[in-house]
Amino acid sequence: MLLDRVSDPTSFVLENFIEAFRQDRPFPITNQNDSETVSTTGQLVQLNNVPLYQPLPPDSHHIRVAIISPGIWREVVQCELKLLDLSDESEQYEAISYCWGDEQDKATITINGNTVPVTKSLNDALKRLRTREKKRTVWADAICINQDDLNERQQQVELMKNIYSRATEVQVFTGESLVSSLKPAKRCCVILLWLGKDQCFHELAAEMFESPSSATWATGISILEEFLLQPWWLRVWVVQEVVLAKRATVHFGQCVFPWELLEDIYWENMASPRLRLLHSVRQHGSSPADLVDDR
């Protein structure tokens, strides 16, 4: 990634973000261009005689991963499942941390040629992670675990620690913003990055509200507030999923941030007890095993 090639990624991104919005040119955050989402309800439609889930090997270190085919935002997500041996370090994947969301709000994706209903939250996460040119291998519990097999569910839950610690990166999908415009998303990014550089919010506010686009800045602040109120922050398991990650990236609609940036902002400015806990564990290498009892 581009950020890996600079000594101070936060500074590099902040400068580029500010320069981008001043020149009103394309912004360096992920954007799938189209923002429409087709949300439908439906049942599993099996198009062949092969079951969607083949039994896992009778050991304790195999999981399924989903390989997402390339595509753009408006296209239906297509992926295929494959087995992965957690003990084989050559096999790489990313793990998704997200909220399942409203079980009544469904979208459909295609898995191994079968039409499968998933929650809109997961569908949006897969779309955000999908690229235009390359396949992407991810693990998401709702589709990589056979939810109708209670024994498999129990066995896979016991592997959660290994799944998240073994992943090359954890992609944290907090949700979609109600504001679909890209410019306010740019402003939200700049606000967070500025705060992450330990800049005074009042200094930033002076530049924001004296600019010709002060209304857009105000919308950016509302997006930031919306982001901080997402239900993802209330999940118990986020402690395990983020603490165990080798690296983590946070997604909120079109905005993408390194987890460390948010961690520093919360630690220094908002004094959230849960973020203090995450910060302490990540900084000092403590074991999170006793921090989580159930989902």
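In the predicted model, the side chains of Ser177 and Glu226 are joined by a polar contact of 3.0 Å. Ser177 lies in the loop that runs between strand E7 (169-175) and helix H6 (182-196). With a relative accessible area of 16%, Ser177 falls under the 20% limit and therefore counts as buried. Apart from neighbours within four places in sequence, the residues in contact with Ser177 are Ile223, Glu226, Phe252 and Gly253.

The protein chain as a whole contains eleven helices and nine strands. Of its 295 residues, 47% are buried. When contacts between residues at least 6 apart in sequence are considered, 71% of them join residues at least 24 apart.

The nine strands form an open sheet with mixed pairing, and their order is E5-E4-E2-E1-E6-E3-E7-E8-E9. Strand E5 (114-119) and strand E9 (255-258) each have a single partner strand, so at these two edges one side of the strand has no neighbour in the sheet. On average, neighbouring strands of the sheet are turned by 35 degrees against each other, direction ignored. Strands of a sheet pair through backbone hydrogen bonds, in either a parallel or an antiparallel arrangement. The pairing of strand E3 (residues 94-97) with strand E6 (residues 136-139) is parallel and spans two bridges. Within this region, Glu94 has Val138 of E6 as its bridge partner.

Helix H2 (residues 120-129) packs on the sheet. The strands touched by H2 are strand E1 (62-68), E3, strand E4 (106-111), E5, E6, E7 and strand E8 (248-252). The direction of H2 makes about 110 degrees with that of E5.

The largest nonpolar core comprises 59 residues. Those touching the most other members of this core are Ile63, Tyr93, Ile109, Leu126, Trp139 and Ile143. For Ile109, residues up to four places away in sequence being left out, the contacts are Val76, Val77, Cys79, Asn114, Thr115, Val116, Val118, Asn123, Leu126 and Ile143. Leu126 and Ile143 are among the residues touched by Ile109, and both also belong to the group with the most contacts to other core members.

Methods: Residues numbered from 1 in each chain as written. Predicted model: local features only at pLDDT ≥ 70, side-chain atom pairs only at ≥ 80, totals over all residues. Heavy atoms only, no water. Helix = DSSP H or I, 4+ residues; strand = E, 2+ residues; numbered from the N terminus. Buried < 20%, exposed > 50% of the residue type's maximum accessible area, 1.4 Å probe, protein only. Polar contact = N/O pair within 3.5 Å; in protein donor to acceptor, adjacent residues only side chain to side chain. Contact = heavy atoms within 4.5 Å. Core = buried A, V, L, I, M, F, W, Y, C linked by side-chain atoms within 4.5 Å. Pairing = 2+ DSSP bridges. Axes fitted to C-alpha atoms, helices over the stretch in contact; angles between N-to-C directions.
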